[in-house]
Amino acid sequence: MPRFIPGSVFLASWAAGWIQPHVPVLTAPQSRDMASYPLIVGPPTSLRKPLKIPDRLLLGPGPSNLTSRVMLAGGLQMIGHMHEEMYQIMNEIKDGIRYAFQTQNKLTLAISGSGHTAMEAALFNVVEPGESVLVGVNGIWGQRIVDIAERIGAKVHQMVKAPGEYYTLHDVEKGLTQHKPVLLFLTHGESSSGIAQPLDGYGDLCHRHNCLLLVDSVASLGGAPIYMDKQGIDIMYSGSQKVLNSPPGTSLISFSEKARGKIFNRKTKPFSLNLDIKWLSNIWGCDDNPRVYHHTPPVIGLFALRESLALLAEEGLEESWKKHREATAYLHKGLQKLGLQLFVKEPVLRIGLLGSNATKANVDRVILALKEALQHCPKNKL
Ligand code: PMP
């Protein structure tokens with residue numbers, strides 16, 4: 001429960017539009033006292049041109065194109081972030097995240113910020129300075145977690161593997177026994193190499209060693225099966241701009257009861273006030289207290305996220321996983337027909353195209369473009 005801050009009720013009421021703040025009106029003598037300078041920066045001519053956005057098909061590991069329903073949500077009028085209707089939308093987002101993550105965790109919410117913000121929210125809240133953290137580094141996302149954990153003064157132990165490799169239960173057990181970490185980090189879909197990390201059994205193993213399991217599912221959520229509760233994952237985060245086809249700027253996060261217990265029993269305050277889960281838990285209605293003002297979330301981004309999650313729920317997780325599996329298999333066949341070798345060796349452990357862009361027609365376009373590029377590429381540059 002966030003501490004009571006004098007004036008917070010006033011702020012909350014004001015933000016909700018219930019009361020008008022008393023703002024003194026400037027009288028003539030006061031306004032004469034105001035400083036006045038000639039402007040040294042004029043209105044930029046670049047802003048006089050109309051906004052022009054090219055029509056681009058986005059087929060990388062994110063961001064992905066928006067669906068028309070999500071674009072419509074982005075064009076809606078603002079409402080206040082503390083209006084009842086907004087709370088309702090936030091509750092629906094929480095339901096959508098619980099479905100996408102396959103979790104019943106009470107502490108489930110969206111973070112204001114992209115995937116990196118969710119990474120920081122996870123570490124800032126769960127880890128205290130001096131605690132031991134074990135990180136699977138088989139690509140860029142493990143490296144980033146190492147950097148964040150070092151910044152908060154954790155004792156960081158890296159399990160380094162070549163990009164495209166994954167961690168076996170044996171690798172993890174060795175690290176847990178040696179370093180006795182409070183947290184293990186693994187990336188489910190490592191977008192820098194394409195490997196998908198198996199997750200069955202890793203949660204139970206961590207819990208036997210008094211360690212929490214943190215999983216990054218930014219690139220894989222909705223595209224490959226993941227079962228937060230069944231797989232014993234304690235903290236999981238994901239992003240809006242990948243399979244969910246939402247604009248970047250919001251991310252998804254959930255904490256198990258074990259993780260929640262560790263956060264609420266911390267001895268030190270988390271470094272970030274903005275990402276303090278006790279506050280966020282309150283504004284997202286995850287505790288039993290009335291919601292108070294903490295920060296202004298990206299309301300329109302949340303409308304978009306709500307619609308993306310609604311689309312995923314309508315399509316169904318199993319159908320979405322199947323669509324991605326089929327498009328990926330079709331892509332891999334096409335690449336091999338071009339004479340290319342796949343970077344990730346084991347077929348079941350590869351991840352691919354995102355959300356509504358995961359179609360055969362898009363794969364055909366990719367293969368054709370690649371074929372043309374290869375024809376113009378000198379052999380010694382391959
Ligand atoms: N984790 C993974 C696996 C990612 O692919 C990305 C984005 N490429 C991130 C984290 C970071 O997300 P963002 O760019 O939204 O901060």
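Biologist: How many cavities of 30 Å³ or more does the count come to?

Modeller: The count comes to one cavity of 30 Å³ or more, where a cavity is a set of points, on a 1 Å grid over the protein atoms alone, at which a 1.4 Å probe fits but cannot get out. This is a predicted model, in which local features need pLDDT of at least 70 and side-chain atom pairs count only at pLDDT 80 or more, while totals for chains, interfaces and linings use all residues. Residues are numbered from 1 along each chain as its sequence is written, and side-chain values use heavy atoms, with hydrogens and water left out.

Biologist: How much space lies in the largest cavity, and which residues line it?

Modeller: The largest cavity holds about 70 Å³ of space, and its lining residues (those with an atom within 4 Å of a point) include His-81, Tyr-87, Arg-291 and Pro-297. By class, that lining has seven nonpolar, three polar and one charged residues, with Ala, Val, Leu, Ile, Met, Phe, Trp, Tyr, Cys and Pro counted as nonpolar, Asp, Glu, Lys and Arg as charged, and the others, Gly among them, as polar.

Biologist: What about pockets: what volume does the largest pocket have?

Modeller: The largest pocket has a volume of about 530 Å³, a pocket being an open set with protein on both sides within 12 Å along at least five of seven lines. It is lined by 28 residues, and the closest to its centre are Ala-196, Ala-224, Pro-225, Val-348 and Arg-350.

Biologist: Which helix gives the largest share of that lining?

Modeller: Helix H12, residues 317–337, gives the largest share, six residues, where helices are DSSP runs of H or I with at least four residues, numbered from the N terminus.

Biologist: Now the packing: at what angle do H5 and H6 pack?

Modeller: Helix H5 (residues 115–126) and helix H6 (residues 140–151) pack at about 50°, with their axes 10 Å apart, the axes being lines fitted to C-alpha atoms over the stretch in contact, and angles running from 0 to 180 degrees between N-to-C directions. H5 is therefore oblique to H6, since angles under 35 degrees count as roughly parallel, over 145 as roughly antiparallel, 65 to 115 as roughly perpendicular and the rest as oblique.

Biologist: Which residues make the contact?

Modeller: Among them are Met-119 and Leu-123 of H5 and Trp-141 and Ile-145 of H6, with contact meaning heavy atoms within 4.5 Å.

Methods: Helix = DSSP H or I, 4+ residues; strand = E, 2+ residues; numbered from the N terminus. Points joined across faces, edges and corners; volume = space filled by probe spheres on them.
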